[in-house]
Each structure stands twice: as structure tokens, then as C-alpha cells.
Amino acid sequence: MAELLERLAADPAATRLLLITWGEAVSEPALAAVAGEHLARVREQVEERYGRWAAEELGLGPDRSREWVAMFAQAILSVLQGYVVQSCLLPGFDHDAYLDYARTLAAQ
């Protein structure tokens, strides 16, 4: 997640494009479908990457592991979406503080 936030920080134009795309997706069904597919893929990648880890490192059984990783993937999406919105719209946005927040959340 930190790596993705760093990539977004390095490319503010792409970050703004994401925000514009999401805004347009609200009223454009075809764009909403594409944006939804993209976000679903991101969530799936998080679930794939951390599903096995949750079972091995947290000692969770299969059902509990799936529940945990689904919740974690949703939190990761929220952090990424929050970064895009806040970095584009908040005056004085502090990238480093947000990155610290993201790392703290992921460590929970």
C-alpha cells in the first residue's frame, strides 16, 4: 500500500485523473462499470496477497481468514481512495502524515 501511495504522490496528474474519473463514473454507467472492475481487481489483488498471510501468520482458519482479508481489502481501498480525494482537494495535504496513517492502519 505504501508503494502505491508513493506512486500516486509521484504522479499528481494520474491521481487527479482518478478523481475526475470516479466523479464522472457517478453519472456515466459505462465508466462506472470500468471503474468498478478496476477497484474490484485491486481488492482481489489485496485478498490474494494477504489471504495466505492471514492464515499462516495470524493462525486463522479458512473461514475466519476469508472474513479478515475481505475486511482488510476494504480498508486498503478506503485508504487509497481517501488519499486520492484528500491529496487533490485538501489545501496543505501532508503526504508523509497520510503515509504514516496508512502504515499504522495496515499494521493493526
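Predicted model: local features only at pLDDT ≥ 70, side-chain atom pairs only at ≥ 80, totals over all residues.
Residues are numbered from 1 along each chain as its sequence is written, and local features need pLDDT of at least 70, with side-chain atom pairs counted only at pLDDT 80 or more, while totals for chains, interfaces and linings use all residues. Side-chain values use heavy atoms, with hydrogens and water left out.

Select helix α1 (residues 2-10) together with helix α4 (residues 62-89), whose axes come within 11 Å and cross at roughly 15 degrees, the axes being lines fitted to C-alpha atoms over the stretch in contact and the angles running from 0 to 180 degrees between N-to-C directions. That makes α1 roughly parallel to α4, a term for angles under 35 degrees.

Next, show L4, L5, L8 and A9 in α1, which meet V79, L80, Y83 and V84 in α4, where contact means heavy atoms within 4.5 Å. The residues of this contact divide into eight nonpolar, no polar and no charged.

Turn now to the three salt bridges of the structure, each a side-chain nitrogen of Lys or Arg within 4 Å of a carboxyl oxygen of Asp or Glu.

In α4, select R66 and D63, three residues apart, whose salt bridge spans 2.4 Å, N to O. Finally, pick R64 and E67, which are joined by a salt bridge of 3.5 Å, N to O.

Definitions and conventions:
Helix = DSSP H or I, 4+ residues; strand = E, 2+ residues; numbered from the N terminus. Parallel < 35°, antiparallel > 145°, perpendicular 65-115°, else oblique. Nonpolar A, V, L, I, M, F, W, Y, C, P; charged D, E, K, R; others polar.
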